Amino acid sequence: TRSTRPQRLLGAVQKNATRGDPCSVIQAIDHFCRNKEWAMNVGDEKGCILDAVVSEVNPATVLELGTYCGYSTVRIARLLPPDAKLITLEFNPDFAAIARQVIAWAGLEEKVQLVEGASGDWIPRMKEQFGVKTFDLVFLDHWKDRYLPDTKLMEECGILRKGSVLLADNVICPGTPDYLEFVRNSPRYESQYFKSHLEYTKVEDGLEKSVFLG
Ligand SMILES: O=C(NC/C=C/[C@H]1O[C@@H](n2cnc(C(F)(F)F)c2)[C@H](O)[C@@H]1O)c1cc([N+](=O)[O-])cc(O)c1O
Ligand SMILES: [Mg+2]
């Protein structure tokens, strides 16, 4: 039977990227998505903004919601200091299987813990399961209607601390209107919009950076 797009994306990584070289993995995926098949990775343009925020926060603990094929996982993990931990949640087992291989090809397995399941099940268990008290940085890139409920859940579960940074993809396209309204109007967040474009296109999109004020 015909391969899936994630399988073809992994093939492009294994063919064109150098094992242990995260930048070559990122370049191989961007080249594949720009020239062969579009895929919903944060991409190179928004990826540079992601890189800047990761470097500024210099996080010891990162939570990513929505691994997909592991593109942003590799982008983030390559910038983390040696003892830092990135936990990435993925609901779809087929996507998770591809992402594990992409992360391994980049040589970043030590820094990344990929967890399969739903945010509603795992967010309440982060502390007990992974020994993480709070997250310095959260990257939201999963189902757009889950950004707001999961943010409220993270607050309730106490995994955010004063100064925790939430960085949300796709706040314009496909759009996360309820989340955007919440973080921009809540007195408990200081929000900033980084205008960009939908990955590999000229369509407007952007990232919203929101600092939790505690
Ligand atoms: O729909 C988009 N993204 C949805 C992304 C969804 C991904 O997040 C996973 N997930 C679901 N729950 C969890 C968790 F973590 F809760 F467990 C993880 C899903 O299995 C999927 O791999 C999207 C669409 C476009 N587009 O242009 O249409 C562009 C983009 O950048 C996008 O991110
Ligand atoms: Mg996205």
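This is a predicted model: local features need pLDDT of at least 70, side-chain atom pairs count only at pLDDT 80 or more; totals for chains, interfaces and linings use all residues.
Which residues point one way from strand 1, and which the other way? Thr61, Leu63 and Leu65 point one way, while Val62 and Glu64 point the other way.

Strand 1 covers residues 61-65 and is mostly covered, with 5 of its 5 residues buried. Buried here means that a residue has under 20% relative accessible area. The residues on either side of strand 1 are all buried, Glu64 among them. The partner of strand 1 is strand 2, made of residues 85-90. The two strands run parallel and are joined by 5 bridges.

The view can now widen to the whole protein. Its secondary structure comes to 10 helices and 7 strands. The radius of gyration is 16 Å, close to the 17 Å that the globule rule gives for 214 residues, so the protein is as compact as a globular protein of that length. Along the principal axes, the C-alpha trace spans about 50 × 40 × 35 Å.

Contacts show how the chain is brought together. Counting contacts between residues at least 6 apart in sequence, 72% join residues at least 24 apart. Of the 214 residues, 53% count as buried.

What remains is the surface and the charges. The accessible surface comes to about 9700 Å², and carbon and sulfur atoms account for 52% of that surface. The protein carries 26 positive and 30 negative side chains. The centres of these two sets lie 3 Å apart.

Methods: Residues are numbered from 1 along each chain as its sequence is written. Chains are lettered from A and ligands numbered from 1 in the order in which they are written. Side-chain values use heavy atoms; hydrogens and water are left out. Helices (H or I, at least four residues) and strands (E, at least two) are DSSP runs, numbered from the N terminus. The radius of gyration is taken over C-alpha atoms; the globule rule is 2.2 Å times the number of residues to the power 0.38. Buried means under 20% relative accessible area, exposed over 50%, partly exposed in between (1.4 Å probe, protein chains only). Contact means heavy atoms within 4.5 Å. Accessible areas come from the Shrake-Rupley method with a 1.4 Å probe; for residues, only the protein chains shown count as cover. Lys and Arg count as positive and Asp and Glu as negative; His and the chain ends are not counted. The place of a charge is taken as NZ of Lys, CZ of Arg, CG of Asp or CD of Glu. Two strands pair if DSSP finds at least two bridges between them.
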